[in-house]
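Keep the 3D view open as you read.

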Amino acid sequence: MTQEDAAKAVVMQYVEAFNQGNMNKLREILADDAQIQGVFGQGIFDKIAPIWRQLIEGYGMQLEVQSMVAEGNTVAVRYLESGTFRAAAFGQQPTGKSYQLVAMEWFEIEAGKIKSRWGARDSASQAKQLGI
């Protein structure tokens, strides 16, 4: 397996764990000092986990890989992100509305774990589609 294939495999584990809402698996896939940066904040897993929980439990967020490229230990992914606002999240009550948008994440893999992850998506479009 090439370095690129191994890095992509780690990212696919992350996607699977995220889609399952498996926070324990996400913690295992991330290096202990992994830096996670996204629209809602940045930090290590313990700081970001409550945000991810709200996205998963509140919005039912799912990631569908549209494309993935790797160079060495760096992986870039374009997703079709979707969900339905089904439980209270980010101080808002659920609307029952669904959303779909393009999201992107950039990963650095080290020793078979995610060392850093940057994420970007159109949060304004998400809010509008969810009715918030």
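A cavity is a set of grid points where a 1.4 Å probe fits but cannot get out, and its lining residues have an atom within 4 Å of a point. The model shown here is predicted.

The structure holds 1 cavity of 30 Å³ or more. The largest cavity has a volume of about 210 Å³. Its lining is made up of 23 residues. Nearest its centre lie Gly38, Val39, Trp52, Arg117 and Arg121. Several elements give two or more residues to this lining: α1 (3-20), β1 (30-38), α3, β4 (74-84), β5 (98-110) and β6 (113-121). What kinds of residue line the largest cavity? The lining divides into 15 nonpolar, 4 polar and 4 charged residues.

Now turn to the packed part. The largest nonpolar core has 37 residues. Val11, Tyr14, Trp52, Tyr79 and Phe107 touch the most other members. Two or more residues come from each of α1, α2 (23-29), β1, α3, β3 (62-71), β4 and β5. The largest share, 8 residues, comes from α3.

Look at Val11 up close. Leaving aside neighbours within four places in sequence, Val11 is in contact with Met68, Val75, Val77, Tyr79, Phe107 and Ile109.

Finish with helix α3. It covers residues 45-59, which makes 15 residues. At 1.5 Å a residue, α3 should span 21 Å, and its end C-alpha atoms are 19 Å apart, so the two values agree. Buried residues in α3 include Phe45, Ile48, Trp52, Leu55 and Tyr59. After α3 comes Gly60, with a positive phi near 60°.

Methods. Residues are numbered from 1 along each chain as its sequence is written. This is a predicted model: local features need pLDDT of at least 70, side-chain atom pairs count only at pLDDT 80 or more; totals for chains, interfaces and linings use all residues. Side-chain values use heavy atoms; hydrogens and water are left out. Helices (H or I, at least four residues) and strands (E, at least two) are DSSP runs, numbered from the N terminus. The expected span of a helix is 1.5 Å times one less than its number of residues. Buried means under 20% relative accessible area, exposed over 50%, partly exposed in between (1.4 Å probe, protein chains only). On a 1 Å grid over the protein atoms alone, a cavity is a set of points where a 1.4 Å probe fits but cannot get out, and a pocket is an open set with protein on both sides within 12 Å along at least five of seven lines; lining residues have an atom within 4 Å of a point. Grid points are joined across faces, edges and corners, and a volume is the space filled by probe spheres set on the points. Ala, Val, Leu, Ile, Met, Phe, Trp, Tyr, Cys and Pro count as nonpolar, Asp, Glu, Lys and Arg as charged, and the others, Gly among them, as polar. A nonpolar core is a set of buried Ala, Val, Leu, Ile, Met, Phe, Trp, Tyr and Cys residues joined through side-chain atoms within 4.5 Å. Contact means heavy atoms within 4.5 Å.
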